[in-house]
Amino acid sequence: MNPLGERILRTIRATGPLPVSTFMSLALLDPKAGFYASREAIGTRGAFITAPEISQIFGELLALWCAQLWRDQGSPGNPRLIELGPGRGTLMRDALRALRGAPDFLESLEVVLVEASPMLKESQQELLRNAHLPVCWVQQWSEIVQDRPLFLLANEFLDALPIRQFVMTIRGWCERVVMAAGDELGFALSPHPVPLIVSKRRGVAEPGAVLEISTAAEALVEDISRAVATQGGAALFIDYGHAADGFGDTLQAVAHHNPVDVLACPGEADLSAHVDFASMAESARRGGAQVCPLLEQGTLLRALGIEIRADILASADPACATEVRNAVLRLTDRGAMGALFKAMAVTPPGAPSPPGFE
C-alpha cells in the first residue's frame, strides 16, 4: 500500500468506511498525492491518451464548430471560450490556431481554462505561452462570472467526476463503500438501504444490479446549461459513456495505458466511470437548455469534415500521410473511439441546430 492508501486507511479506521465518490476525490485530487496533482497523467508517459493528443484535427474542428455556432446565433458580443479539464493544453492550442481563420470570432474572445491541478496548469501555460490573446485560469466552473455568451468544450471531463455506487440487495439499494480489509482497502456494502428513486427508463433492478450516480456531473451540467440558456452560446460534452437504460458497474482504473485494480494504489492510476448521457440530458433540460440528439464521436467528426482536413494535411506533408489517416481512423472507427465516445450538445432554447447535429 502506498502512502496515500495508508492515509486513506487511517481515515477509514478513524471515521468509518468512505463512499466511492469520496475515495475517487482523494485518489484523483489529493493536493499531495492525487493522480492529477502529482504526476503526468496524459500522453505516452501518462495513464492514457486523449483525442487532442491523437490528432490536431480534433481541436481544430471543435474550435470552428464554436465559431460557426457563434455566427448562427447572430455573432453576440464578447464571447467566452471555456474548456473544462484542458489536459496538457493541446486542444486549446490547436483550437486557437484554427481560429485564426475566423478572426471575427477570435478578436473579441476571452479564453478561460478550468483546471484544478497545479501540475497540469503549468503544462498548459507552457504550451499556450505564445497564444495570440490572453488566456486565464480558474480552479472550478463556479469561479466564472456568467455575464456573456459562452462556448464551452469538455472532452473527457465528466468521466472523472466522482460517482456513488449502489447495489440492489434483498434489503433494497445499499451504497458501496471503501473499507479497511486488514492492511488493504476493500469494497463493502452499507448495511442500511437507501430510499432511491430510480428512473423508469432503467427498468427493473435485479439483485446484484449496480446503479451509478454522479451528482457532481449532474449538477455541473445543469448549471452550465442554465448559463447557456440565459446568456447564449453552447456547450459540447464529449466522453465515453452510454445512453442505454439499465444498470452496470463501470468504475475503472488505468495506469500506463493498462487496466489496474481500482483500490490497489490510490493516486497512481486514473479513476473514471462511463458517463450516463441520459441523466446528463435530463440535467441539461432542468437547466432550461435545448439538448441535441446524442451522437457517436465518429459521426460528429465526419460530419464536421475530419476526413477532408486529413486529406489537406496529408497532401501538405506526404511523409506524415499514413500517421494522419491512422489517427483519423482511431478517432472515428466504431471499433476504436468512434462509437464508445459520445457527443452531447447543449444550446439555448430555439437556437439553430449546431453543425453536425442537424
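A residue counts as buried when its relative accessible area is under 20%, as exposed when that area is over 50%, and as partly exposed in between, with a 1.4 Å probe and protein chains only. The structure is a predicted model, in which local features need pLDDT of at least 70 and side-chain atom pairs count only at pLDDT 80 or more, while totals for chains, interfaces and linings use all residues. Residues are numbered from 1 along each chain as its sequence is written, and side-chain values use heavy atoms, with hydrogens and water left out.

Cysteine 66 has 1% relative accessibility and therefore counts as buried, and cysteine 174, at 0%, is buried too. A search of the whole structure finds zero disulfides, a disulfide being a pair of cysteine sulfur atoms within 2.5 Å; for cysteine 66, the nearest cysteine sulfur belongs to cysteine 292 and is 13 Å away.

Turning to the rings, those of Phe, Tyr and Trp (its six-membered ring) pair if their centres lie within 6.5 Å, and planes under 30 degrees apart count as stacked, over 60 as edge-to-face and the rest as tilted. The count comes to six aromatic pairs. One of them joins tryptophan 70 and phenylalanine 105, which are tilted at 45° with 5.3 Å from centre to centre. Both tryptophan 70 and phenylalanine 105 are buried, and together with Phe151 they form one aromatic cluster.

Tryptophan 173 and phenylalanine 247 also pair, and because their planes stand at 40°, with ring centres 5.7 Å apart, this pair is tilted. Tryptophan 173 counts as buried at 7% relative accessibility, whereas phenylalanine 247, at 27%, counts as partly exposed.
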